[in-house]
Amino acid sequence: RGMAWGIAVQGWQEKPILGWGPGNYYYAFNKYYRPEFLRFGYRETWFDAAHNIVLNNFTERGVIGGVIYLSLFFGAIFMLLNAYRKKTFDPHTVSVGSAFLAAHLVQTFTVFENPTSYLYFFFFLAFINSQVTYISSASQENVSGAQNKLPMATTVMVSLTILLLIYSTNINPARANMATFEVMRTVYKLEDPKDAYKLVTSIPSPHIDDIRNDVARAISSGLRAYVQAGKAQLARDLFQLAYGEISKNRQLHPLDVRVHSQQIMLAQEAALLSGDKTLLLEAEKVVEDALAKSPKRQQFLYTAAGIKIQLNKIPEAEALYKQAIADDEKISESWWRLALLYSVSGQMDKAVKLIEEAQTKNISFDADGQNIINEILQKANFTETVLDTKK
């Protein structure tokens with residue numbers, strides 16, 4: 001989390017006034033991603049929040065949003081003290097209220113807000129506001145009941161607006177979600193979901209990007225089953241559909257490398273099933289764009305290297321693995337991946353030297369990595385024995 005806070009500061013320094021935009025800490029995290037995150041596992045390499053709501057606000061909303069957020073706390077404490085001076089609040093209410101606000105602010109330095117914390121925080125702010133900005137009973141008596149009534153036209157307009165908002169923000173998205181489930185059900189049955197998907201896209205929904213991702217993910221995982229079921233042409237059609245929808249999401253969210261990752265996997269799966277190397281070239285372009293957005297993220301370095309190997313671009317793959325090692329030499333996966341590349345490309349001397357270098361640096365491999373290293377060393381010993389025998 002400390003590293004995530006550091007990235008929040010870096011992101012704020014790049015866009016200090018207005019920030020990256022609400023909910024966009026993730027983009028700053030990708031740009032300033034630090035390779036050492038992988039030391040704690042792949043689950044710790046995806047942060048969509050800084051786990052510090054104050055820094056999060058400064059990163060996403062700049063100094064303007066950060067100051068506004070802090071003013072919620074300090075403004076409320078000022079109102080409490082002012083009410084105490086006016087004898088509206090007793091000392092106990094002021095003390096407990098100030099302590100609550102201070103404690104809530106302190107805890108936000110280690111977490112991000114959620115619906116539960118927002119509820120009690122804003123209810124407390126509402127309580128303070130209701131107590132210090134009340135209308136006197138005398139004023140209330142002077143206001144006639146007729147003056148308090150809204151005109152019928154206003155009531156009708158407000159009611160229609162509320163109904164429209166409910167329909168557009170709740171009912172329509174629910175319809176789109178149910179239609180999406182039907183598309184995914186059709187894919188799992190290995191049937192043609194194109195007509196069902198047309199119905200989905202005809203329903204206005206603010207979550208169309210999520211719908212595209214979900215459908216594309218379902219198609220990607222089902223392509224192999226379609227081919228095995230003798231529906232190769234349908235599989236090709238569905239690949240084109242899914243790839244096109246993911247491309248739309250990349251245009252909509254060009255900095256969201258999760259979309260890049262999904263598109264890369266889709267292209268790789270289709271290339272494997274069809275044998276079409278042009279799809280690997282397409283995947284290569286996408287992963288290079290992802291690396292431009294997040295240059296030190298090992299997932300993309302490894303993926304790019306794997307694609308280069310498939311395209312027989314061994315020197316480029318080697319350079320990518322070396323970059324990953326240079327970025328953080330304590331990540332053992334970079335070492336065994338490069339050693340494996342040397343091994344399968346017939347450069348056994350380089351593989352052995354690299355393993356020896358890793359050992360001198362006390363690189364600790366997990367069980368899978370150690371098994372790969374052992375296999376490489378066994379292969380090297382076998383090759384050396386064969387050469388000695390021939391001599």
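## Helix 1 and what covers it

In this predicted model, the buried residues of helix 1 are covered by elements that include helix 2 and helix 3. The residues concerned are Met3, Ala4, Gly6, Ile7, Ala8 and Gly11, each of them buried. Helix 1 runs over residues 2-14, and its 13 residues should span 18 Å at 1.5 Å a residue, which agrees with the 19 Å that separates its end C-alpha atoms.

Helix 10 has 21 residues, and the distance from its first C-alpha to its last is 30 Å, close to the 30 Å expected at 1.5 Å a residue. After the helix comes glycine 230, whose phi is positive, near 80°.

Gly222 is also one of the buried residues of helix 10, a list that includes Asp209, Ile211, Arg212, Asn213, Val215 and Ala216 as well as Leu223 and Tyr226. As a general point, an α-helix has 3.6 residues a turn, so residues three or four places apart point the same way. The buried residues of helix 10 pack against helix 8, helix 9 (194-202), helix 11 and helix 12 (257-274).

## Salt bridges between parts of the chain

Side chains of opposite charge can pair when their charged atoms come close. Aspartate 328 counts as buried because its relative accessibility is 6%, whereas arginine 39, with a relative accessible area of 44%, is partly exposed.

A further salt bridge joins arginine 212 to glutamate 245, with the closest N and O atoms 3.7 Å apart. Arginine 212 belongs to helix 10 (residues 208-228) and glutamate 245 to helix 11 (residues 232-252), so the pair ties together parts that are 33 residues apart in sequence. Arginine 212 is buried, with a relative accessible area of 15%, and glutamate 245 counts as buried at 8% relative accessibility.

## A network of charged residues

Glutamate 284 forms a salt bridge with lysine 308, and here the closest N and O atoms are 2.7 Å apart. Since glutamate 284 lies in helix 13 (residues 277-293) and lysine 308 in helix 14 (residues 298-310), the pair ties together parts that are 24 residues apart in sequence. Glutamate 284 counts as buried at 7% relative accessibility, and lysine 308 counts as buried at 6%. Salt bridges that share partners join these two residues, Glu284 and Lys308, with Glu288, Lys313 and Glu316 into one network.

A nonpolar surface patch of about 950 Å² is made by Met152, Val156, Met157, Val158, Leu160, Ile162, Leu163, Ile166, Tyr167 and Ile171. Valine 156, one of these residues, is found in helix 8, which covers residues 152-188. Patches are made of residues with over 30% relative accessible area, and valine 156 is partly exposed, with a relative accessible area of 39%.

Definitions and conventions: Residues are numbered from 1 along each chain as its sequence is written. This is a predicted model: local features need pLDDT of at least 70, side-chain atom pairs count only at pLDDT 80 or more; totals for chains, interfaces and linings use all residues. Side-chain values use heavy atoms; hydrogens and water are left out. Patches are made of residues with over 30% relative accessible area and no salt bridge: like charges are joined within 9 Å, nonpolar side chains (Val, Leu, Ile, Met, Phe, Trp, Tyr) within 5 Å. Accessible areas come from the Shrake-Rupley method with a 1.4 Å probe; for residues, only the protein chains shown count as cover. A salt bridge is a side-chain nitrogen of Lys or Arg within 4 Å of a carboxyl oxygen of Asp or Glu. Helices (H or I, at least four residues) and strands (E, at least two) are DSSP runs, numbered from the N terminus. Buried means under 20% relative accessible area, exposed over 50%, partly exposed in between (1.4 Å probe, protein chains only). The expected span of a helix is 1.5 Å times one less than its number of residues. Contact means heavy atoms within 4.5 Å.
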